[in-house]
Amino acid sequence: MAASAQTLPNPTEDWTVVLPRRNKRRKNIPKLRSSEEQQQAKQWFPTDVENSPKRESDLMQKMLTYIKKLEDSQFYQTFLTQIETPNILQNFLKILGSESSMQMVIYGIGSIESYEPPRLQLSLAILIKRKFSWIGTVEVFDPIISLAESRVLEALGCSVLSVNEFGRRQALRPTLFFMPHCEAELYDNLLQANWRVDMLNRMALLGNGFSVYQHYGSIISNSSITSSRKHILHVSRFAEEFEIATVSDEYFGAFNGSSWHFFSLDSESQLQLVKL
């Protein structure tokens with residue numbers, strides 16, 4: 001979630017539709033494997049383990065500045081107004097059911113120390129948590145997070161996962177997945193891990209608009225590409241999508257092309273994948 005802007009992909013190429021490029025692009029995200037293989041691959045430690053109180057203090061101050069800046073912005077006010085519209089609020093209430101809160105899982109946040117878009121995206125997640133009492137614990141993971149970033153995230157009230165789930169968290173309880181500008185493979189992993197009516201109906205997703213993937217899926221003929229996004233392409237017909245308005249150029253790089261997604265399925269038969 002960072003650095004230079006990237007144009008929409010050429011439909012004849014690998015259409016990841018990630019929009020702004022992160023500082024490290026993680027290609028070939030593993031698909032689901034046996035449980036034994038998954039356990040061997042999960043454990044994670046930061047590669048940058050420099051212990052610097054000043055570095056952490058500077059980053060914390062920078063994050064507090066960004067949180068305040070975003071909170072006072074027209075973008076954030078528009079964002080809140082959208083969440084509180086009946087269409088979106090009712091979707092959240094449906095996901096909550098009889099539960100009092102839903103967990104937030106943030107995947108692929110990128111480097112909050114190095115780039116502005118991740119700082120803005122994390123600021124939004126923190127403001128959502130502060131604004132709505134029904135948002136519970138906040139868990140974060142990105143394999144490029146440094147030790148300093150991990151400590152700042154924890155100081156801001158987030159828990160940094162010690163395992164790399166590769167986006168495969170199951171929504172065993174109401175869950176908001178916060179994933180703006182992630183790679184398509186990560187979304188597909190998430191959907192594959194939750195490929196049941198009860199779990200899909202129990203989750204909300206903030207990420208790249210699935211309608212864009214659906215558009216390119218309808219006009220390209222590369223079967224290997226469409227197959228690697230088959231869960232996105234299939235479930236988009238059962239998803240209610242609400243595009244997030246970026247309002248100004250200042251927030252375009254962090255949030256352009258992002259949408260809320262809510263799923264409404266009635267039968268497991270709706271999840272029968274067709275050959276793509």
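Visitor: How many disulfides does the structure hold?
Guide: This is a predicted model, and the structure holds 0 disulfides.

Visitor: Is Cys158 buried or exposed?
Guide: Cys158 is buried, because its relative accessible area is 6% and buried means under 20%.

Visitor: And Cys182, buried or exposed?
Guide: Cys182 is buried too, with a relative accessible area of 0%.

Visitor: Switching to helix 3. Which residues are buried there?
Guide: Helix 3 covers residues 74–83, and its buried residues are Phe75, Tyr76, Phe79, Leu80, Gln82 and Ile83.

Visitor: Where do those buried residues lie, seen down the axis of helix 3?
Guide: They fall within an arc of 160°, so they line one face of the helix.

Visitor: Why do residues three or four places apart point the same way in an α-helix?
Guide: Because an α-helix has 3.6 residues a turn.

Visitor: What does the face of helix 3 turned away from the buried side carry?
Guide: That face carries two exposed residues, Gln74 and Thr81.

Visitor: OK, rings now. How many aromatic pairs does the structure hold?
Guide: There are 13 aromatic pairs in the structure. One of them is Phe75 with Tyr251, a stacked pair with 5.3 Å centre to centre and 20° between the planes.

Visitor: Where in the chain are the two partners, Phe75 and Tyr251?
Guide: In distant parts: Phe75 is in helix 3, while Tyr251 is in the loop between strand 6 (239–243) and helix 12 (252–255).

Visitor: Is Phe92 buried or exposed?
Guide: Phe92 is buried, at a relative accessible area of 1%. Phe262 counts as buried as well, at 2%.

Visitor: Which residues do ring pairs link into a cluster?
Guide: The cluster holds Phe75, Phe79, Phe92, Phe132, Trp134, Phe242, Tyr251, Phe255, Trp260 and Phe262.

Visitor: Last one. Where is Leu200 found?
Guide: Leu200 is in helix 8, residues 197–200, and counts as buried at 0% relative accessibility.

Visitor: Which residues does Leu200 touch?
Guide: Leaving aside residues up to four places away in sequence, Leu200 touches Leu191, Asn194, Trp195, Val235, Phe263, Leu265 and Leu271.

How values were computed:
Residues numbered from 1 in each chain as written. Predicted model: local features only at pLDDT ≥ 70, side-chain atom pairs only at ≥ 80, totals over all residues. Heavy atoms only, no water. Disulfide = S-S within 2.5 Å. Buried < 20%, exposed > 50% of the residue type's maximum accessible area, 1.4 Å probe, protein only. Helix = DSSP H or I, 4+ residues; strand = E, 2+ residues; numbered from the N terminus. Contact = heavy atoms within 4.5 Å. Arc of directions from axis to C-beta. Phe/Tyr/Trp six-rings, centres within 6.5 Å; stacked < 30°, edge-to-face > 60°.
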